[in-house]
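Subject: Structure for your review

Dear colleague,

Please find below the structure that I am handing over to you.

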Amino acid sequence: MDKKVLILKAALELFVKQDIDKTSTASIAKKAGVSNGTLFHYFPTKTDLIIELYLDLKEEMFEYIYSENVTEANNLKTMIKTGWLNAVSWICSNPQKHGYIHKIYKSNYKSLIQDDQL
């Protein structure tokens, strides 16, 4: 598995399990099985890691919610219902990812993310 992906997976697990601010980059690197230097090669700062993880998860969620079955709906009511059901399905299938997104919404980090990306 790609080292960057390993780092993102480790960060997700630790950020959800612990408080984001209490999770050190050293613990993320250790969990990912990479050196601190490797982590900082991909993410120059912890904030960069926090934001990239958030944006990756939001994109994944968005793509799932607005899949073909939503865009191919024949009317607005069906489109909204399908999108809502997809959102609930994604959240139920990805509680850890949803937990992280929720933590960002409640944190000071949300001010570092552009409004259109939130």
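I begin with one side chain: that of T23 reaches the backbone oxygen of D19 at 3.0 Å. Please bear in mind throughout that this is a predicted model. T23 itself is placed in the loop between α1 and α2, the latter covering residues 25–32. Is T23 buried or exposed? Its relative accessibility is 1%, and T23 therefore counts as buried, since the cut-off for that word is under 20%. Setting aside residues up to four places away in sequence, T23 touches L14, F15, Q18, I28 and K46.

The chain as a whole

The secondary structure consists of 7 helices and 0 strands. Read along the sequence, this gives the pattern α-α-α-α-α-α-α. The chain has 118 residues, of which 36% count as buried. Along its principal axes, the C-alpha trace spans about 50 × 30 × 20 Å. Among the contacts with a separation of 6 or more, 63% are between residues 24 or more positions apart.

How the helices meet

Two packed helices are described by the angle between their axes and the distance between the axes.

On the side of α1, the contact is made by K4, I7, L8, A11, L12 and F15, and on the side of α4 by K46, L49, I50, E52, L53, D56 and L57. These residues divide into 9 nonpolar, no polar and 4 charged.

Helix α4 (residues 46–65) also meets helix α7 (residues 95–105): their axes come within 10 Å and cross at roughly 125°. The two helices are therefore oblique to each other. Their crossing is left-handed. From α4 the contact takes in I50, L53, Y54, L57, K58, E60 and M61, and from α7 it takes in K97, Y100, I101, I104 and Y105. By class, there are 9 nonpolar, no polar and 3 charged residues in this contact.

The remaining pair is α6 with α7, whose axes come within 5 Å and cross at roughly 100°. How do α6 and α7 lie to each other, roughly parallel or roughly perpendicular? They are roughly perpendicular, because their crossing angle of roughly 100° belongs to the range of 65 to 115 degrees. W90, I91, C92 and S93 of α6 make this contact with P95, K97, H98 and I101 of α7. The contact of α6 with α7 has 5 nonpolar, 2 polar and 1 charged residues.

Individual residues in the helices

Three further residues deserve a separate description.

I104 is placed in helix α7. Its relative accessibility is 0%, so I104 counts as buried. Which residues does I104 touch, not counting those up to four places away in sequence? They are I20, I50, Y54, Y109, K110 and I113. I104 and I20 are 84 residues apart along the chain, yet their C-alpha atoms are separated by 8.9 Å.

M61 is found in helix α4. With a relative accessibility of 14%, M61 counts as buried. Apart from its neighbours within four places in sequence, M61 is in contact with W90 and I101. W90 is one of the residues through which α6 contacts α7, and I101 belongs to the contact of α4 with α7.

M61 and N86 are 25 residues apart in sequence, and 9.2 Å separate them in space, C-alpha to C-alpha. N86 is in helix α6, which runs over residues 76–93. Is N86 buried or exposed? It is buried, because its relative accessible area is 10%, and the term applies under 20%. A polar atom of the N86 side chain lies 3.0 Å from the backbone oxygen of I65. Apart from neighbours within four places in sequence, N86 is in contact with Y64, I65, S67, N69 and V70.

Yours sincerely,
A colleague

Technical notes: Residues numbered from 1 in each chain as written. Predicted model: local features only at pLDDT ≥ 70, side-chain atom pairs only at ≥ 80, totals over all residues. Heavy atoms only, no water. Helix = DSSP H or I, 4+ residues; strand = E, 2+ residues; numbered from the N terminus. Buried < 20%, exposed > 50% of the residue type's maximum accessible area, 1.4 Å probe, protein only. Polar contact = N/O pair within 3.5 Å; in protein donor to acceptor, adjacent residues only side chain to side chain. Contact = heavy atoms within 4.5 Å. Axes fitted to C-alpha atoms, helices over the stretch in contact; angles between N-to-C directions. Parallel < 35°, antiparallel > 145°, perpendicular 65-115°, else oblique. Left-handed = near helix turned anticlockwise from the far one by under 90°. Nonpolar A, V, L, I, M, F, W, Y, C, P; charged D, E, K, R; others polar.
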